[in-house]
Amino acid sequence: MLSYSSFSDVELLELLKSEDTAAYTVIYNRYFHPLFIHALQKLNDKEEAQDIVHELFAQLWNKRSDIQIHTNLAAYLYSSVRNKILDHISKKQVRDKYVDSLQGFLNSDYNITDHRIREKQLAELIEKGIGQLPSKMREIFELSRKKSLSHKQIAAQLNLSEQTVKKQVNNALRILRTKLGTMLFLVV
């Protein structure tokens, strides 16, 4: 029976190219731990380091027949891990920038847009509610709230008593609160 653990890296590579799983297992057992430690020192994250080394060995097996190593196996594996770490860091930085950008967008533009939409909807509901008031009450309410006239000015302009104007404004507010409360509940 062959003892693969005594084979050199060059011999193991040749066996690996001919789809020898035992040779692959020896390479894995020989290099996994040192490569993992190397990746862990660079990434400071056990899971990420493990993922990168596992990915490297999966790639080694998947490309075993096409693999061209111009140095020695150890140098090739360390170089591959380094490249995977750099790719990982680069992708993570891009992902982090994207998440930060998205978070910034959500915190600013979305809230502003959402508030503007809700503000517009509320203004439309108020206008609709005012439009449904009895005509004289609507006229008094609009002079009070839109034209900012005092009760005394409205009373003089419409030949009414101040008490009537005050009562009409209060009635209009009560009606609008009731209507708007129901409408707001349905919209929001």
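**View 1. Helices H5 and H6 cross in a right-handed manner.** In this predicted model, a crossing is called right-handed if the near helix is turned clockwise from the far one by less than a right angle, and left-handed if anticlockwise. The axes of helix H5 (residues 135-145) and helix H6 (residues 151-158) come within 10 Å and cross at roughly 135°. That makes H5 oblique to H6, a word for angles left over once those under 35 degrees (roughly parallel), over 145 (roughly antiparallel) and 65 to 115 (roughly perpendicular) are set aside. Axes here are lines fitted to C-alpha atoms, for helices over the stretch in contact, with angles from 0 to 180 degrees between N-to-C directions. From H5, look for Lys136, Glu139, Ile140, Leu143 and Ser144; from H6, Ile154, Gln157 and Leu158 complete the contact, meaning heavy atoms within 4.5 Å. Sorted by type, these residues are four nonpolar, two polar and two charged. Ala, Val, Leu, Ile, Met, Phe, Trp, Tyr, Cys and Pro count as nonpolar, Asp, Glu, Lys and Arg as charged, and the others, Gly among them, as polar.

A note for all views: residues are numbered from 1 along each chain as its sequence is written, and side-chain values use heavy atoms, with hydrogens and water left out. Because the model is predicted, local features need pLDDT of at least 70 and side-chain atom pairs count only at pLDDT 80 or more, while totals for chains, interfaces and linings use all residues.

**View 2. Helices H1 and H2 make a left-handed crossing.** Here the axes of H1 and H2 come within 8 Å and cross at roughly 135°. That makes H1 oblique to H2. On the H1 side you will find Asp9, Leu12, Leu13, Leu15 and Leu16, which meet Ala23, Tyr24, Val26, Ile27, Arg30 and Tyr31 of H2. The residues of this contact are nine nonpolar, no polar and two charged.

**View 3. The largest nonpolar core holds 27 residues.** Such a core is a set of buried Ala, Val, Leu, Ile, Met, Phe, Trp, Tyr and Cys residues joined through side-chain atoms within 4.5 Å. Ile27, Leu35, Phe57, Leu60 and Leu77 touch the most other members. Helices H1 (9-17), H2 (21-43), H3 (46-62) and H4 (73-131) each supply at least two residues, and the largest share, 10 residues, comes from H2. Zoom in on Leu77: leaving aside neighbours within four places in sequence, Leu77 is in contact with Ile27, Tyr31, Leu35, Leu56 and Leu60. A second, separate core of 16 residues includes Ile130, Leu133, Met137 and Leu158.

**View 4. Asn44 and Asn159 each have a positive phi.** Most residues other than glycine have a negative phi. Asn44, with phi near 55°, lies in the loop between H2 and H3. Asn44 is exposed, with a relative accessible area of 67%; exposed means over 50%, buried under 20%, and partly exposed in between (1.4 Å probe, protein chains only). Asn159 has a phi of about 55° and is found in the loop between H6 and helix H7 (162-187). Asn159 is exposed too, at 71%.

**View 5. The chain has seven helices and zero strands.** Both are DSSP runs numbered from the N terminus: helices are H or I with at least four residues, strands E with at least two. Buried residues make up 28% of the 188 residues in the chain.
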